[in-house]
Amino acid sequence: MKRLKYLFVYTIPVTAFIAFNWEGIWTFLPLIVFFGLVPLLELLVPPDRENMDKKLMDDEKNKKIYDYILYGTLPIQVGFLIYFLFVIGDTPYGSLEYVGRITAMGFMCGVIGINVGHELGHRHKRWEQLLGEILLLTSLDTHFLPYHNAGHHRNVATPEDSATARKNELLFVYWFRSHFGSYIEAWQLENQRLGNEGRPWFSFQNRMVVYSLANVLLLGGVYFAFGTSVLIAFLFAAAIGIVLLETVNYIEHYGLLRKKNEHGRYEAVRHHHSWNSDHPIGRTLLFNLSRHSDHHYNGSKKYQILKSHEKSPQMPTGYPGMMLLAVLQPLWFWVMNKKLEQYR
């Protein structure tokens, strides 16, 4: 039964379906549920720091049910994106329903498109990585994988990492610095990789070239099939997904820095270089993303066996609640700067 708890992610398309078909405030149902109801519940439900023992972990990491739950999100995400394009075309431009339905699709882009794409992008099998790339394409965030795997995991908790938020850095400023900084670095990393292999940067071996072409083809297809207003709606939905991703990035490493040794090299990534949350609702919804320290300690470790560590700095609540707190910047600085001093 514990394995099936990750099916909770499928409540997101259910709320999105209601948003696409109902009117008024119901079009904002995904945000109401996951940024209203879930944070309230996580204030009442205590954190679950229980870890699997080694025997159970070895058994669970190979259970296919966990993979099937991930794979099942792909046809749902692609199907809902196509459905959204038809629905938003019939929705009055600028109406409450127009805004609500865009936010509903944006929520799916962030939680399913990018988050599940991230999980699959860490897999070793090429076909699983391809599934992750398709999911990221639905959010126009395909550059995420080259940067995240080769850049963020190497430079996390250092000033060299675009996705590591500095202490007292404004969230709005961070969104732009992280997104565009990681985009530029993704190109640099791919160019460097191909240069080391003696290949030209401008080729289909360069993932950023392929991703850029895929983005252009997708946007062009939406424009020619549905028109300008639907294209604009899709761009807004993708932007919301990216903002959700960057807000998660902001809270995951805020203010945490690795020390340099006498040779000027950064210490190895440890469990105290990421903020964690063991609140079970947010953990389940985001495939254990909030056990972030263990993910950085071993990036290829499957989500179902990620562990909680005592040395990891703990957030006061789950990811949805912490994302809301981050938006309330004075309150965020008051709470998290105190915690930073504790862990230092």
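Me: How many cavities of 30 Å³ or more does a search of the whole structure find?

Reply: Four such cavities are found. The model is a predicted one, in which local features need pLDDT of at least 70, side-chain atom pairs count only at pLDDT 80 or more, and totals for chains, interfaces and linings use all residues. Residues are numbered from 1 along each chain as its sequence is written, and side-chain values use heavy atoms, with hydrogens and water left out.

Me: What makes a space a cavity and not a pocket?

Reply: On a 1 Å grid over the protein atoms alone, a 1.4 Å probe fits in a cavity but cannot get out, whereas a pocket is an open set of points with protein on both sides within 12 Å along at least five of seven lines. Residues with an atom within 4 Å of a point count as lining. The volume is the space filled by probe spheres set on the points, which are joined across faces, edges and corners. For the largest cavity this comes to about 270 Å³.

Me: Which residues lie nearest the centre of the largest cavity, and which helix gives the most to its lining?

Reply: Gly 110, Asn 115, Val 248, Leu 286 and Leu 289 lie nearest the centre, out of 21 lining residues. H6 gives the most, with six residues. At least two residues each come from H2 (29-44), H6 (96-121), H8 (144-155), H11 (228-253) and H14 (319-327). Helices here are DSSP runs (H or I, at least four residues), numbered from the N terminus.

Me: How does the lining of the largest cavity divide by class?

Reply: There are 14 nonpolar, six polar and one charged residues. Ala, Val, Leu, Ile, Met, Phe, Trp, Tyr, Cys and Pro count as nonpolar, Asp, Glu, Lys and Arg as charged, and the others, Gly among them, as polar.

Me: What lines the second largest cavity?

Reply: This cavity holds about 90 Å³ of space, and its lining includes Asp 141, His 143, His 148, His 152 and Glu 246. H8, H9 (171-196) and H11 each give two or more residues to that lining, and H8 gives the most, with four. The classes are four nonpolar, six polar and two charged.

Me: Which residues are closest to the centre of the largest pocket?

Reply: The largest pocket has a volume of about 450 Å³. Lys 2, Lys 5, Glu 50, Met 52 and Arg 283 are the closest to its centre among 23 lining residues. H12 provides the largest share of the lining, four residues. By class, the lining has nine nonpolar, four polar and ten charged residues.

Me: Why is H14 called largely enclosed?

Reply: Seven of its nine residues are buried, so the rest of the structure largely encloses H14. Buried means under 20% relative accessible area, exposed over 50%, and partly exposed in between, with a 1.4 Å probe and protein chains only. The buried residues of H14 include Tyr 319, Pro 320 and Met 322. Among the elements that cover them are H2, H9, H11 and H12.

Me: Why is Tyr 303 called buried?

Reply: Its relative accessible area is 0%, which is under 20%, so Tyr 303 is buried. Tyr 303 sits in the loop between H13 and H14. Contact means heavy atoms within 4.5 Å. Leaving aside neighbours within four places in sequence, the contacts of Tyr 303 include Tyr 6, Tyr 66, Glu 119 and Arg 123.

Me: Is Thr 73 buried or exposed, and what does Thr 73 touch?

Reply: Thr 73 has 1% relative accessibility, so it counts as buried. This residue is in helix H5 (residues 73-89). Not counting residues up to four places away in sequence, Thr 73 touches Val 9, Tyr 10, Ile 112, Val 116 and Leu 135.

Me: Why is the pair of Trp 22 and Trp 26 called edge-to-face?

Reply: Rings of Phe, Tyr and Trp (its six-membered ring) pair if their centres lie within 6.5 Å, and planes under 30 degrees apart count as stacked, over 60 as edge-to-face and the rest as tilted. The centres of Trp 22 and Trp 26 are 5.0 Å apart and the planes stand at 75°, so the pair is edge-to-face. Trp 22 is partly exposed at 42% relative accessible area, and Trp 26 is partly exposed at 42%. The structure holds 29 aromatic pairs.

Me: What makes a set of residues a nonpolar core, and which members touch the most others in the largest one?

Reply: A nonpolar core is a set of buried Ala, Val, Leu, Ile, Met, Phe, Trp, Tyr and Cys residues joined through side-chain atoms within 4.5 Å. The largest has 79 residues, and Ile 12, Phe 84, Tyr 250, Ile 251, Tyr 254 and Trp 332 touch the most other members. H6 supplies the largest share, eleven residues.
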